[in-house]
Each structure stands twice: as structure tokens, then as C-alpha cells.
Amino acid sequence: MLKRMKVFGRRWVGKVGRLLRHPAMVRVTVLVTAKVVFWILQLLIIALLTTAGMALPVG
């Protein structure tokens, strides 16, 4: 079973590696990662301001 899992993992990593060699996939990956990081930072700022007793203007 462990041997099968290792083979599956290598195969999956190989496919992902091949996809990431394409410039379009790299662009999409960077874009999605940047959006997720920006969203997490916004949540962190809102949480910090909320705990400090301040409110963000909505709108």
C-alpha cells in the first residue's frame, strides 16, 4: 500500500510540475495566490481593528 501511495504521489507531482511549466498556468497560479493572500490580509486587518474597538466604514 505504501508503495502505491508513493507512486501515486510521484505521478501527481509530475503532472502538476508539467502544468506549472506553462506560462499561462504560472500566471493563473500567481493571480489566485495573490488574491487569497490579499483576502486573508483584509480579514486580519478587520479582526485587529475590531479587537481595538474601531469600526471600518462600509460602502
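The questions and answers below concern a predicted model and its helices and surface.

In this model, local features need pLDDT of at least 70 and side-chain atom pairs count only at pLDDT 80 or more, whereas totals for chains, interfaces and linings use all residues. Residues are numbered from 1 along each chain as its sequence is written, and side-chain values use heavy atoms, with hydrogens and water left out.

Reader: How many helices does the protein chain have?
Author: Helices are DSSP runs of H or I with at least four residues, and strands are E runs of at least two, numbered from the N terminus. By that assignment the chain has zero strands, and the number of helices is two.

Reader: Does V36 count as buried, partly exposed or exposed, and why?
Author: V36 lies in helix 2, residues 23-51. Buried means under 20% relative accessible area, exposed over 50%, and partly exposed in between, with a 1.4 Å probe and protein chains only. Because its relative accessibility is 42%, V36 counts as partly exposed.

Reader: Which class does K15 fall into, and why?
Author: K15 belongs to helix 1, which covers residues 2-20. Because its relative accessibility is 47%, K15 counts as partly exposed.
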